[in-house]
Amino acid sequence: MDFIVKGMSCASCQAHVEKAVSSIDGVSSCTVSLLTNSMKVEGNVSSNVIIEAVSKAGYSAYVQGSKEEIKVDDSKNLKMKLMVSILLLFLLMYISMGHTMFHLPVPSFMNNVLILAILQMLLTICIMILNQKFFINGIKGILNHSMNMDTLVSLGSFSSFIYSLYLVFKMCTLDTMDAMSILHGLYFESASMILVLISVGKLLEERSKGKTTNAIQSLMNLKPKTAIKKINNEEVIVDIDQIQIGDIFICKPGSQIPVDGIVTGGNSAVDESSLTGESLPVDKEPGSKVYAATLNQTGYIECQATRVGKDTTLSQIIQMVQDASASKAPIAKVADKVSSVFVPIVIGLALLTLFGWLFAGRSFGFSLERAICVLVISCPCSLGLATPVAIMVGNGMGAKNGILFKNSTALEQTGKMNIVALDKTGTITKGHPVVSEIHPVNGYSQKELLTYACSLESYSEHPLAYAILEKGKEFDIQIKETQDFMSITGNGIQGKIENSLFMAGSVSFIQKYVDIDINFDSVSRQGKTPVLFLKDNKLMGYISIEDEMKEDAIKAIEHLHELNCKVVMLTGDNELTANAIGQKAGVDSIYAQLLPQDKETIVQMLQKEGKVLMVGDGINDAPALTRANIGMAMGQGVDVAIDAADVVCMHPKLEDVCASIRLSKMTLKNIYENLFWAFIYNILGIPLAMGLFGWNLNPMIAAGMMSVSSLCVVSNALRLNTKKLYKEEKRMNKTIKINGMMCPHCQSMVQKTLEKIDGVTQADVSFKTGEAKITLSKEVSDEILKSAIEQKDYEVVSIR
């Protein structure tokens with residue numbers, strides 16, 4: 001259950017609410033976030049019992065999204081009170097300092113010393129009434145044995161007011177000269193200034209805290225409000241809530257896709273950058289999946305809804321980021337322990353300061369001023385915010401780049417991994433086999449071999465068959481009719497074409513029917529899989545198929561090494577193919593021919609050497625993902641892999657593994673910086689306020705320092721947004737002028753074509769300007785670039 005908690009002002013409040021709810025029978029866990037004023041409770045307890053427990057602790061709680069939560073949103077009212085408070089404070093300062101110290105003019109009736117004192121008192125009372133929340137929450141804290149920041153502020157302000165009030169009564173018994181000397185010793189302006197400065201600081205802090213949640217808000221703003229639903233072959237605009245699973249909805253060019261679905265008709269290019277962080281549009285055709293909040297760019301498509309409401313990918317991402325931000329990182333426990341005893345210790349130090357200076361022979365006014373400084377300079381807020389603000393910003397940065405941490409523990413721990421275990425298929429490689437070579441023998445041509453291969457494989461559902469058929473499209477192969485097709489156990493198929501028996505399969509399968517004098521070990525050592533073809537028990541030749549390595553795989557593994565990570569590869573492939581891919585990628589160790597349970601065993605073995613980050617995308621990776629210290633799923637993997645993982649990379653880029661480690665390290669460093677500032681501020685600030693360094697600090701300055709301390713912590717966390725997650729390589733740039741691009745689909749095709757070229761790391765293509773700006777990691781000749789583009793029927797005008 002999720003709740004909104006009102007009335008919390010510091011880490012002590014957070015600790016007291018957690019303690020109150022956790023003590024309820026049936027509550028298994030309770031996590032409270034000071035940053036978002038939210039509370040997540042797990043257990044078999046009614047919401048009313050939880051709300052009552054929070055109320056008894058001196059705070060108020062509401063079920064998230066309820067009408068009660070909306071009713072208590074009075075931020076505009078608080079701003080108005082603050083503006084009036086500042087105006088009254090200005091008048092108070094003019095009277096108390098402007099006239100008495102600098103002899104600025106005031107109306108003649110104010111020339112009386114007692115009237116000046118009473119006016120100060122009345123203005124202070126008005127300011128205290130406007131800021132009564134400090135006193136109400138402070139008194140509640142004392143009564144409920146849950147003292148917090150408001151307790152310190154209210155004690156400091158109220159002490160100044162009471163002492164000043166005592167002096168006003170004393171002035172009534174004295175003559176004008178003696179009363180004038182007392183007038184300069186009133187602390188009404190301090191009592192008021194404390195309240196106003198703390199309020200201003202809290203307002204600025206809230207605004208800064210709001211910036212840390214921008215990423216979540218941006219994701220929520222992506223949600224479409226309406227959809228075009230197809231009802232009885234008519235297009236009807238309906239509210240998004242009216243789309244149900246199985247409904248047919250329509251997406252026109254330039255519109256957002258309303259819910260997750262499958263394309264049933266039409267073709268288009270869809271911008272999925274809002275979910276994955278990847279700028280390259282994705283081509284969609286019947287059977288392709290589409291996701292809510294992505295942008296349909298070019299074509300008209302009809303889709304069938306598969307996920308709606310809270311089940312859409314976007315909603316799940318938002319929930320994941322919110323849960324991760326609200327969860328508590330292990331490092332936060334240090335601050336929580338200090339915060340739980342912080343306020344009582346500060347009150348004790350304030351009393352010690354008061355009586356210590358009195359025993360030292362100083363006046364009561366001086367001693368009280370030092371004690372008030374101790375109360376208002378101490379800052380439990382900075383301790384409470386040190387971890388959650390950094391976690392929130394870190395999660396937001398990850399979400400913007402398509403990296404999702406399921407909880408704050410994952411965000412904290414990912415940077416501590418020193419062994420990275422990578423699945424091969426779909427992680428190091430693309431997971432989509434392609435034909436690399438066609439080798440006909442016995443007088444057959446390449447086209448003849450490919451024609452019969454495509455005709456036979458057109459009936460197969462094997463991934464290798466798909467690769468051969470894709471190659472056939474490039475050669476414009478015409479499929480011949482196949483009869484009596486059969487899939488034979490033992491990795492082979494057969495069928496009749498033009499009254500001849502054709503067979504296809506692995507080397508071991510084909511060797512059962514014909515003697516083969518070709519050594520295929522060299523093919524396997526290149527990471528390729530040979531598929532052999534027979535016609536009437538005579539070898540026609542073989543087609544080599546390989547699962548291409550991802551463009552960023554080699555660089556990403558180099559970067560993992562730079563991050564002091566040992567990289568190992570786990571795969572179910574044969575040893576020769578695995579070694580070929582592993583050596584090319586640059587991994588440190590290779591484990592081949594593994595079953596799913598074997599991968600888990602290897603991870604368990606690696607954990608004896610250090611902390612293991614397992615990266616995978618398939619069902620066979622789920623046990624290893626669960627066993628590893630941190631499991632990371634590539635976003636295009638199956639749901640079971642994503643469910644088993646602690647981190648999800650929405651885009652299948654291996655460089656995202658490096659980015660997630662960097663983000664974790666940066667976030668953890670930021671947390672340490674925040675905690676250092678929070679602790680060092682209080683360790684130095686409190687003795688300074690006590691007067692131990694020989695300085696007599698003014699309570700107003702102490703209040704200002706208290707507000708600044710929280711702002712420093714939040715501002716430091718916001719610095720994370722300026723950090724770069726991806727390592728920039730030294731690159732060369734070229735600009736290509738292209739004719740023939742007419743639409744975003746053309747733009748997408750040229751961009752994909754260029755980025756497939758070895759050495760091209762990025763291509764920014766615009767059909768509007770007719771230009772492609774490419775970034776190169778190594779020298780690529782103009783002829784290669786020109787040839788690749790012109791093969792797609794576009795004209796290259798110039799390359800510079």
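Helices (H or I, at least four residues) and strands (E, at least two) are DSSP runs, numbered from the N terminus. The model on display is predicted, so local features require pLDDT of at least 70 and side-chain atom pairs count only at pLDDT 80 or more, whereas totals for chains, interfaces and linings use all residues. Residues are numbered from 1 along each chain as its sequence is written, and side-chain values use heavy atoms, with hydrogens and water left out.

**Stop 1: Lys471 and helix H19**

Select Lys471, which lies in helix H19. Is this residue buried or exposed? Lys471 counts as buried because its relative accessibility is 19%; buried means under 20% relative accessible area, exposed over 50%, and partly exposed in between (1.4 Å probe, protein chains only). Next, display the surroundings of Lys471: apart from neighbours within four places in sequence, Val435, Ile438 and Leu450 are in contact with Lys471, where contact means heavy atoms within 4.5 Å.

**Stop 2: the six-stranded sheet**

Now select the open sheet of 6 strands, whose order is S16-S21-S20-S19-S18-S17, with antiparallel pairing. Two strands pair if DSSP finds at least two bridges between them. Strands S16 (429-440) and S17 (483-488) stand at the edges with a single partner strand each, so one side of each has no neighbour in the sheet. On average, neighbouring strands of this sheet are turned by 20° against each other, direction ignored.

Turn to the helices that pack on this sheet. Helix H18 (residues 446-457) touches S16, S17, strand S18 (492-497), strand S19 (500-505), S20 and S21, and the direction of H18 makes about 75° with that of S21. Helix H19 (residues 463-474) touches S16, S20 and S21, and the direction of H19 makes about 60° with that of S16. For these angles, axes are lines fitted to C-alpha atoms, for helices over the stretch in contact, and angles run from 0 to 180 degrees between N-to-C directions.

**Stop 3: strand S21 and its partners**

Select strand S21 (residues 538-549), which pairs with strand S20 (residues 528-535) in the antiparallel sense over 8 bridges. S21 is mostly covered, with 9 of its 12 residues buried. Which residue of S21 is the bridge partner of Lys528? Glu546 is that partner. In the hairpin of S20 and S21, 2 residues lie between the strands, and Asp536 takes a positive phi near 50°. S16 and S21 run antiparallel and are joined by 8 bridges; Val434 stands opposite Glu546 in S21.

**Stop 4: Ala61**

Move to Ala61 in strand S4 (residues 60-63). Ala61 counts as buried because its relative accessibility is 4%. Leaving aside neighbours within four places in sequence, Ala61 is in contact with Ile4, Val5, Ile51 and Val54.

**Stop 5: strand S7**

Select strand S7 (residues 248-251), which pairs with strand S5 (residues 226-231) in the antiparallel sense over 2 bridges. Phe249 in S7 is the bridge partner of Lys229. S7 also runs antiparallel to strand S13 (residues 301-307), to which 4 bridges join S7. Cys251 stands opposite Ile301 in S13.

**Stop 6: Ile683**

Finish at Ile683, in helix H27 (residues 655-690). Ile683 counts as exposed because its relative accessibility is 52%.
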